[in-house]
Amino acid sequence: MDFYLGLIQIIGVHTLLGLSAYCVLHTGQVSLAQAGFFAVGAYVAGMLTVLAHWPIVPALLVAGVVAGSLACAVGFPALRVKGLMLVVATAAFGEAVRLFFFNFNYQLERGGFHIGPHGGEGFRQIRYFPEYGWSTLEVAAFIWVVVVLTMAALWWMDRSRAGAVLRAVGEDEVAAQSSGINVTVVKVSAMTVGGVIAGIGGGIFAHYTTHIEHIQFGIVLATFAVAYPILGGLSNVFGTLIAVIFIQGFLIEGLRFMGDWRNLLFGGLIVLAMNVRPRGLIDAGTITLVKRLVFRSKERASA
Amino acid sequence: MIDFVQNTIDGVMIGASYGLLALGFTLIFGVMRRLNLSYGPSIMIGAYLGTLIYVQFSAGPVAVVVMTVLGAVLAGIYVERLCFAPMAASAGIASMVSSFAIWMQLEQAAILILPRHTYPFPPLATGAPLELGPFLLRIDHLMMLACALLLSAGVQYVIYRSRFGLALRAIIGNPVAAHLVGIDVKTSVMLAFAGASAVGGIAGYLVLAIDQQVTPMFGMWATMKGLIAMMIGGLGSIPGAILGGLVLGVVEAHSLWHFGPQVRDLVAYLLLFACLVLRPSGILGDAPAAETSIGRRSA
């Protein structure tokens, strides 16, 4: 049972990570810096609960704000470049953040133990959940409350004017600009919101694993972050969730019995999915199909 | 002062390998305008096959070079067929994600070929380094620098002077028009990909022959170093790739000397970020970033 709860926690945290990239992708920007914001959130939240004895919720909020401010600050210079140059620039930034934490030392002595981030050895003993007696089920429930709230907020945003503006910028920047949209503000805001979500996700990640180190936040995690919304499709938030379940639940955990051969199949299946559905697993066509099915069954019921 | 010069010399030598890696990257990026994250891992497949025949059959250096290049080319074509050929030109990001998935696949394939963490790789040249006054020059480093300059000159010649290069530049300029005048676009792109992988294979061989060992980390290392060097030098510029590699090598050598290995990598990424933000077209690129490519230069 604990295995499945653990899996549910992983899926929840990765969904947050994917949603942070989803936000940025809406404006047509591919950011590989999301793992960097995730790392910032993880370290900030961990330091607040471990070193400053904050409760978890304010610590997560502060982690989100710090990561969001960083994303905003990076957004202004980084968004001067477009397309693949932006991919590389954000990847460089993400790696720089990771290497910063590789060299980051801030330890305090508490009862004969040194606690806090310790360079290459990472940040151990982020034991907020066990210390306050949270069970695995409660932690999983907490994570999913955050995930559901985030998804609801993004769902609402998709349907509001803000979502339309984001999509307009993503589809055609020149057209959006000529209809009076301030493209820079829109892009930087999307980047900031993405940073906040990644920061909160990172904070949660630090607390359920209890031990974080720089190597976890590398380019691989960053690519996973953008792979989820791209694989899932950008038409709505559930695409990202389904892609996370597909990758984390099926490809990584479900195929674990295949041992060394798993990664070979993993690559093949993702390439297959991208070839068959280049616009994502759930695209506009799928939604129309689902709507038509629902509509038809209603029709039949009324007939 | 002596340290400064020696560090610069070492940096130029290491930078030559970055430049070579960037050269293959530039070919792919210039032609496809897409990011191939599997570039390093496909070189690694070649290197692992080369190591395999070295370890199993104690093959000579020529056989190892041939095997490395051949393996890199085969892996490169495999990547092109799966991640680039079937994707629409507009779906560049789908190609990138696919090439990332293939990266994981190739890395696992390398581990299946040779399961230990580290394997020996045949050295290129053994012998005492040359002494020029107080400075030391390793012979294998010099050979690498020479290879980098020769290969970039060769690639420059092929792209700007040969019929195949003309076809490639036509494809870069306008794929539809190139198709209409009778250029076989798909085959040319695949050949360019194979050529880029061959350049990468030679680069990989030289780097590994100097390190004398190969690990599964090599693929990621090659992708990142090649990418950084290409971006610093200027996207799509062939001399820029070599120059970017040399700049990266020199900056890394100095920061290694002053601050140690961890800060060296940090400096490399910060340099890249600053370079992209302040001068997105790189040192030698002249057009706006998104438009820069081999074909757009006057030729």
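This is a predicted model: local features need pLDDT of at least 70, side-chain atom pairs count only at pLDDT 80 or more; totals for chains, interfaces and linings use all residues.
Helix 12 of chain A runs over residues 262-276, and its 15 residues reach 21 Å from the first C-alpha to the last, close to the 21 Å expected at 1.5 Å a residue. Buried within helix 12 of chain A are A:Asn263, A:Phe266, A:Gly267, A:Ile270, A:Val271, A:Ala273 and A:Met274. When helix 12 of chain A is viewed down its axis, these buried residues fall within an arc of 160 degrees, so they line one face of the helix. The cover over them comes from both chains, and includes helix 10 (219-232) and helix 11 (237-254) of chain A together with helix 3 and helix 4 of chain B.

Within chain B, helix 9 also has a partner in its own chain. Helix 1 (residues 2-32) of chain B packs with helix 9 of chain B at an angle of about 75 degrees, their axes being 7 Å apart, and the two helices are therefore roughly perpendicular to each other. On helix 1 of chain B the contacting residues include B:Tyr18, B:Leu21, B:Phe25 and B:Phe29, while on helix 9 of chain B they include B:Ala222, B:Lys225, B:Leu227 and B:Met230. Taken by class, the residues of this contact between helix 1 and helix 9 of chain B divide into nine nonpolar, five polar and one charged.

After helix 10 of chain B comes B:Gly260, which has a positive phi, near 95 degrees.

Returning to chain A, helix 7 (residues 161-171) has A:Val165, A:Leu166 and A:Val169 among its buried residues. Around the axis they cover an arc of only 100 degrees, which puts them on the same side of helix 7 of chain A. The buried residues of helix 7 of chain A pack against helix 8 (173-178) and helix 9 (183-209) of chain A.

A:Asp158 belongs to helix 6 (residues 136-159) of chain A, and it counts as partly exposed because it has 18 C-beta neighbours inside 10 Å. Its contacts, apart from neighbours within four places in sequence, are with A:Gly163 and A:Asn236. The C-alpha atom of A:Asp158 is separated by 9.0 Å from that of A:Ser235, a residue 77 residues apart from it along the chain.

Two loop residues complete the tour. A:His53 is not a glycine, yet it has a positive phi of about 55 degrees; A:His53 sits in the loop between helix 2 (34-51) and helix 3 (56-78) of chain A, and with 10 C-beta neighbours inside 10 Å it counts as exposed. B:Ser58, although not a glycine, has a positive phi of about 40 degrees; B:Ser58 lies in the loop between helix 2 (39-57) and helix 3 of chain B, and its 9 C-beta neighbours inside 10 Å make it count as exposed.

Conventions
Residues are numbered from 1 along each chain as its sequence is written. Chains are lettered from A and ligands numbered from 1 in the order in which they are written. Helices (H or I, at least four residues) and strands (E, at least two) are DSSP runs, numbered from the N terminus. The expected span of a helix is 1.5 Å times one less than its number of residues. A residue is buried if 20 or more other C-beta atoms lie within 10 Å of its own, exposed if 12 or fewer, and partly exposed in between; C-beta atoms are placed from the backbone. The arc is that of the directions from the helix axis to the C-beta atoms. Two residues are in contact if their C-beta atoms, placed from the backbone, lie within 7 Å. Axes are lines fitted to C-alpha atoms, for helices over the stretch in contact, and angles run from 0 to 180 degrees between N-to-C directions. Angles under 35 degrees count as roughly parallel, over 145 as roughly antiparallel, 65 to 115 as roughly perpendicular and the rest as oblique. Ala, Val, Leu, Ile, Met, Phe, Trp, Tyr, Cys and Pro count as nonpolar, Asp, Glu, Lys and Arg as charged, and the others, Gly among them, as polar.
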